Amino acid sequence: MDHKALNDIPVERLFAVAESQLECSRAPYSGFRVGAALWSDGQIFPGCNVENSSYGLTLCAERSAVMHWASAGSPGRPEAIVVVARQPDGSVATAMPCGACRQVLSDLPDSRHLQVCTGTPSEFSIISLAELLPHAFGPEDLNSKEG
Ligand code: THU
């Protein structure tokens, strides 16, 4: 645990919002509930996983939070995202953002510094997006003059 990295970020409030999102989670197929809370511009943007009967259309909690932030006008620079999860039996699970979510988070402004927090309010890990997705594809690649 490296709480120092979360200076000025109300991590307990973020955990409370992420945990409340577990109730909103729509996970009838996997039973695996995920809640997220994105911190940007002094505001909290919640998200939950939304599964679909066409399984591949499922939206993860992290991307749900990003969409919530975008639909509010993309305020500020997202500084942290808290992710919590529950197994189908209700027990606590650890959920690291999946590969697709890492890529979506990576396109956020200044995303290398985004702090990703997973675990419980009393015991969580913090890892930067730079560590989670090194050598990421990004907007700068689209402007490449090579090739
Ligand atoms: N899920 C998330 O919401 N976030 C992740 O980072 C990993 C997976 C969801 C997708 C699906 O609804 C369920 O967890 C099982 O994969």
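This is a predicted model: local features need pLDDT of at least 70, side-chain atom pairs count only at pLDDT 80 or more; totals for chains, interfaces and linings use all residues.
The model calls for some ground rules: local features need pLDDT of at least 70 and side-chain atom pairs count only at pLDDT 80 or more, while totals for chains, interfaces and linings use all residues. Residues are numbered from 1 along each chain as its sequence is written, and side-chain values use heavy atoms, with hydrogens and water left out.

I start with helix α1, residues 11–24. Helices (H or I, at least four residues) and strands (E, at least two) are DSSP runs, numbered from the N terminus. From first C-alpha to last, the 14 residues of α1 reach 20 Å, close to the 20 Å expected at 1.5 Å a residue; that expected span is 1.5 Å times one less than the number of residues.

Which residues of α1 are buried? They are Val-11, Leu-14, Phe-15, Ala-18, Gln-21 and Leu-22. These residues lie on the same side of α1 because they cover an arc of only 115 degrees around the axis, taken from the directions from the helix axis to the C-beta atoms. Buried means under 20% relative accessible area, exposed over 50%, and partly exposed in between, with a 1.4 Å probe and protein chains only. Glu-12 and Glu-23 are exposed, on the face turned away from the buried side.

Next is strand β1, where 7 of the 8 residues are buried. β1 runs antiparallel to β2, joined by 6 bridges, and pairs with β3 in the antiparallel sense over 7 bridges. Pairing requires at least two DSSP bridges between two strands.

Last, Gly-99 sits in helix α3. Gly-99 counts as exposed because its relative accessibility is 52%.
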